[in-house]
Amino acid sequence: MSFDPNMRVLVVDDYRTMVRIIRNLLRQLGFTNVDEASDGSAALNMMRENDYGLVISDWNMEPMTGYEFLREVRADNSLQKTPFLMVTAESKAENVVAARHAGVNSYIVKPFNATTLRAKIEAIFGK
């Protein structure tokens with residue numbers, strides 16, 4: 001899958017301010033087709049209805065965490081290849097290891113800027 005700033009991106013976070021921040025960073029990087037969900041279960045439903053080129057999800061959410069959401073995405077044959085970037089405020093090594101084992105493509109710790117986000121996205125798409 002190639003990197004395309006026109007691709008549809010799904011941002012998943014239960015904190016509205018963080019969604020706005022990620023949206024603004026994506027806009028700075030040229031992404032304009034951005035959807036949002038406030039938790040993993042809502043995001044999963046959206047993924048089943050739409051094709052996304054990238055998912056950017058927070059780890060800490062209720063009722064379905066980003067980790068649980070990631071596991072559901074990877075278990076679904078029609079969604080499992082979707083690139084997935086996990087965002088969290090915690091840099092615990094066990095969380096990073098768990099996310100890697102669950103199939104996350106990359107992991108980013110808050111706070112971050114557009115340069116860091118671009119680097120993570122480019123790494124996911126092999127640029």
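At what angle do helix 2 and helix 3 pack, and how far apart are their axes? To find out, select residues 40–49, which form helix 2, and residues 66–75, which form helix 3, in this predicted model. The two helices pack at an angle of about 25 degrees, and their axes are 9 Å apart. Because angles under 35 degrees count as roughly parallel, helix 2 is described as roughly parallel to helix 3. The crossing of helix 2 past helix 3 is right-handed.

Next, display the side chains at this contact. Helix 2 contributes Gly40, Ala43, Leu44 and Met47, which meet Phe69, Glu72 and Val73 of helix 3. By class, this contact of helix 2 with helix 3 comprises 5 nonpolar, 1 polar and 1 charged residues.

Now turn to the largest nonpolar core, which has 22 residues. Select Val9, Leu26, Ile56 and Leu117, the members that touch the most others. Two or more residues come from each of strand 1 (9–12), helix 1 (16–28), strand 3 (54–58), strand 4 (84–88) and helix 5 (114–124). Helix 1 gives the most, with 5 residues.

Centre the view on Leu26. Neighbours within four places in sequence aside, Leu26 is in contact with Val9, Val11, Phe31, Val34, Ile56, Leu117 and Ile121.

Finally, select Ala98 in helix 4 (residues 93–102). Ala98 is partly exposed, with a relative accessible area of 23%. Beyond residues up to four places away in sequence, Ala98 touches Trp59 and Tyr67. Ala98 and Tyr67 are 31 residues apart in sequence, yet 8.2 Å apart in space, C-alpha to C-alpha.

Note on methods:
Residues numbered from 1 in each chain as written. Predicted model: local features only at pLDDT ≥ 70, side-chain atom pairs only at ≥ 80, totals over all residues. Heavy atoms only, no water. Axes fitted to C-alpha atoms, helices over the stretch in contact; angles between N-to-C directions. Helix = DSSP H or I, 4+ residues; strand = E, 2+ residues; numbered from the N terminus. Parallel < 35°, antiparallel > 145°, perpendicular 65-115°, else oblique. Left-handed = near helix turned anticlockwise from the far one by under 90°. Contact = heavy atoms within 4.5 Å. Nonpolar A, V, L, I, M, F, W, Y, C, P; charged D, E, K, R; others polar. Buried < 20%, exposed > 50% of the residue type's maximum accessible area, 1.4 Å probe, protein only. Core = buried A, V, L, I, M, F, W, Y, C linked by side-chain atoms within 4.5 Å.
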